[in-house]
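Here are some exercises to work through with the model open in your viewer. Try each task before you read its solution.

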Amino acid sequence: MEDLLRTAVERMQSAGAEFCDAKYQLRKSTSIRIVDGSVRTLTEQSLGGACFRARVGGSWGYATTVQLDKKTLLESCLQAAKNARLGGALGARIPDSPSRNRQVRADVRVHPDDVPIEEKLGYVVDLDKAQKIDPRVANSNSDYRDEVKTNLLVNSFGSSLKWEEVRTRLIAFTIASDGGRQEMYFEIADGTKGFELMKKNDVTAMGKLSGEEAVKMLAAKKPPSGYMTCISDPKNTGTLAHEVIGHASEADEIVQERSFLTGAVGKRVASDLITMVDDGTIKGAYGTIPFDDEGTPSSRTVIIENGIYKGYLQSLETAADMGATPTGNGRAQDFGRRIWVRMTNTFFDAGDWTLEEMIEGVKFGVLADKSISGMEDPVGGGFEAKTLRGFVIENGEIKDMIRSFTTTGSALEILKTTDAVGDHVQLDGGMCGKGIEDFVWVSGGGPYCRSKLVVGGG
Amino acid sequence: MDLDSIMSSAYRAATKEGPDQVEIYGVATRTLSLYVDDSAVKNIEEKIDQGLIVRIADGKRLGQSSAACSTLKEAELTARAAVRTARLSPVDEMFRQFPAAGGKVRVRPRVWDENVAHLSGQELVDIAKLIVDSSLEGDKIKVPRGMVRTASLESKVRNSNGVDVRHAGTMIYLNFTTMTNGAKPGEGVESFYSPHLSGLDPTAIGKSLREKAMASSKTVAFKGKRKGTTIIGPDNLADMLMSSAGEALSAENVHRKRSRWIGKVGEEVTSRSITVKDDPSDGRGMLSASYDDEGVAASKKTLVEKGVLKSYIYDSYNASLDSIEPSGNGLRRRPDDVQGIYLDPVGVSPMNMVVTPGRKSKEELIASVDDGVLIDRVAHPEVNPITGAFGLEVRCGFIIKGGEMVKTIDRALLIGNMFDALRNVHDIASDSTVFRSCIVPTVSFDGIELVGSG
């Protein structure tokens, strides 16, 4: 395959590509889903194919195929070059880069390929059983997924890279009902890890916790609404980092002058308590990658340092456009999708407050507990973060549990109101879309943070 | 290797292993996409995809395997993996059988358009340029991002109970954003969904994008709280309905005790002005088809009639739990993308959820509101599928006073519960727009709260 990809690169160059790459990717996974004790899904998946990408002027042409015979592959690469010529956009030339020749195996202790499917199933059965701790648990759901992704990339820099990524994820998701009302809770464990993630994780405790908390949620009250103090837990802090600043720091948004952070380097954008980083090199984190999908090694990028905006996340293209250095953030969902500038592991760095100290200082506010999802707004500088539940804080004390709510506000105003940052960083994995498509694995997090936001929930 | 050959190879290989039941779902697709960045054509992509998912029942043990497949050997490996997973799986006492053959064709929607299937890259460029050119207004507006995706799909389902059906469809989906230049940029967003090219009017889309961006540039942050009539258009309402009513109608969710409409067939669940149908005969529907993705004949069904819940929707598994025939709602396909469909498990979903429109035009509906808000754009119109609660960041809305739109707002949260909102429908407009797998009108609701800062 490597020889074929190299030939494809040569043909795309002959067809006018100023830069091009050829990639083969194989993604193999095992998925198990147990619902109320029944195995609803036990499946093995295999998604393999090739992607050819050529650049002419400022336009890209892609051609992807799952037909891997020589004739189809060499026809596809020419289609990519043809598509690139059709675009006609102007753009900077991708500067030459030293060629890289490396092979990287995933750094895992127990490779999923070495674990029998029966053993994987056993853990998921235990997770599901453990959720049924109370008659009010109406529905238990347990999901396991491991994925082994093998990439082979050849490009017109002369690089030839082969690397492997392994991810494992386990989810307990419980619905509780008291007859009239239903509420949900979930627990997730994940990482760029092998089956050691399961062996180290007490699945019974995880399932039990999900069941117990779902039942407690039945007593949760309607959240307050309005502009108020909000202490975000590490998951919600991660969503804030990701949605408020992370997406707006993706350099394709900057090149298009679509982001409110265009021209922000060197300016104060947050209180001096805030330092924010994107780091694709953190061992075991869900968004960690050895190389991005363009073959650039992943790296640590400081986005905000003590409140001052420092820099953007770059792909080969945006780095060329801005005269910057690629940061290893050119990522695609899979071989069949476009490469965009994307985050990896994005988080606020630690401060020196304890959670107790933060709560003590709040006259009235909420503690946001467990993030569900978020949505960026690079143009308007807003954001939306949905929280599974929370707690009212009154006169420095935790009071009632409240059900799901949403937080929003102006990104720059919020970060300037941050007056306390916790002393411990936690990362949690998830999926991130560019808008509502093109999902890649990432993680986000940070410490507990105290800010002022608009809060409300139905 | 063509789809028929790899499906036959997988079927033979699976049968040879001796399981009780075999089902093969195969799909071959071609996608041609174009991306606009910064008002210029940035990417053109052609994608050829083909794959299988093999489901096996060995007694009451179920397993499956899926793969991108282009060779007979890959098809055989996929089939054997499915048999292996079935034999490792615990017994599922609730399982009966894969769908039986014999369901007569009840609907024949026109969802194949040769013009879409054979669209060239140059034709796609021409469409995109027309949208961009119609959006621009001097140096006031730009098109930072846009995408046009066209696709054709051929899918087949074959099982050991005699099911052997084929579906072919095309789709065109586009999503563009415009943005005004200046210190406080406004953003406009437009989408289009259709199996056919004929309904696409790039100039009208461009004009709407321009107008929306200009309107959005005039927003002011909403302050305080208000509760009045809230008008929600099809582009937001479709997702809000699918993630609430769509989930509550699913027999899977009913059986798992996570539907809000458990045991409510025959009862009033919405305002009497609401009628919801699943209409796979409608050629505008992105998922309309003669058969669902398990090979069950699809049919037109009334799900909610004048507020009363008439029936749930079923795939074969959940139908067998209730000892009834499946309703043809076992779906793998998606309304906006055809890549990798063979990787997705069967889910229970309306094929084409249609809300019956009202009589007033959208303009008349707005004019009839004394004190309200028209929501133009929210961050992401999703609703908690379990509880129905929502809190949506409003990125552009219009305050209505005395039937007139008097102010453009942003920075607010729209707060409510979708199941409650469906019981508090104020009025329904006569428009109807396709959005993903829904065709819905503009609807106004009472009781939804708007909260801003200050």
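**Exercise 1. Find the residue of strand 2 of chain B that stands opposite A:Gly61, then describe the strand pairing around it.**

Step 1. Select A:Gly61 and look across to strand 2 of chain B: the residue opposite is B:Ile44. A quick word on bookkeeping: this is a predicted model, where local features need pLDDT of at least 70, side-chain atom pairs count only at pLDDT 80 or more, and totals for chains, interfaces and linings use all residues. Residues are numbered from 1 along each chain as its sequence is written, while chains are lettered from A and ligands numbered from 1 in the order in which they are written.

Step 2. Widen the view to the strands (DSSP runs of E, at least two residues; helices are runs of H or I, at least four; both are numbered from the N terminus). Strand 3 (residues 59-65) of chain A runs parallel to strand 2 of chain B, and six bridges join them. Strands count as paired if DSSP finds at least two bridges between them.

Step 3. Now take in the whole contact between the chains, counting residues as touching if their C-beta atoms, placed from the backbone, lie within 7 Å. Chain B puts in 66 residues and chain A 65. On the chain B side, strand 2 of chain B gives the largest share, 12 residues. That side has 25 nonpolar, 23 polar and 18 charged residues. For the classes, Ala, Val, Leu, Ile, Met, Phe, Trp, Tyr, Cys and Pro are nonpolar, Asp, Glu, Lys and Arg are charged, and the others, Gly among them, are polar.

**Exercise 2. Work out why strand 22 of chain A is called largely enclosed, and list some of its pairings.**

Step 1. Check burial: a residue is buried with 20 or more other C-beta atoms within 10 Å of its own, exposed with 12 or fewer, and partly exposed in between, with C-beta atoms placed from the backbone. In strand 22 (residues 449-456) of chain A, seven of the eight residues are buried, so the rest of the structure largely encloses it.

Step 2. Trace the partners:
- Strand 8 (residues 226-232) of chain A is antiparallel to strand 22 of chain A, with seven bridges; A:Tyr227 has A:Val454 as its bridge partner.
- Strand 18 (residues 405-410) of chain A is also joined to strand 22 of chain A in the antiparallel sense, by three bridges; here A:Thr407 faces A:Val455.

**Exercise 3. Give the strand order of the open six-stranded sheet in chain A and name its edges.**

Step 1. Reading across, the order is 11-10-9-14-21-20, with mixed pairing. The edges are strand 11 (308-309) and strand 20 (426-434) of chain A, each pairing on one side only.

Step 2. Zoom in on one pair. Strand 9 (residues 276-279) and strand 10 (residues 300-305) of chain A are antiparallel over four bridges, and A:Asp278 is opposite A:Thr301.

**Exercise 4. Describe how helix 1 of chain B packs on helix 2 of chain B.**

Step 1. Get the geometry from axes, which are lines fitted to C-alpha atoms, for helices over the stretch in contact, with angles from 0 to 180 degrees between N-to-C directions. Helix 1 (residues 3-16) and helix 2 of chain B pack at about 40°, with axes 8 Å apart.

Step 2. Classify the angle: under 35 degrees is roughly parallel, over 145 roughly antiparallel, 65 to 115 roughly perpendicular, and the rest oblique. Helix 1 and helix 2 of chain B are therefore oblique to each other.

Step 3. Look at the contact residues. Those from helix 1 of chain B include B:Ala10 and B:Ala13, and those from helix 2 of chain B include B:Ala79 and B:Val83. The contact divides into nine nonpolar, three polar and two charged residues.

**Exercise 5. Is A:Tyr123 buried or exposed, and what does it touch?**

Step 1. Locate A:Tyr123 in helix 3 of chain A. With 21 other C-beta atoms within 10 Å, A:Tyr123 is buried.

Step 2. Leaving out residues up to four places away in sequence, A:Tyr123 touches A:Tyr144, A:Met198 and A:Val203.

Terms used
Two residues are in contact if their C-beta atoms, placed from the backbone, lie within 7 Å.
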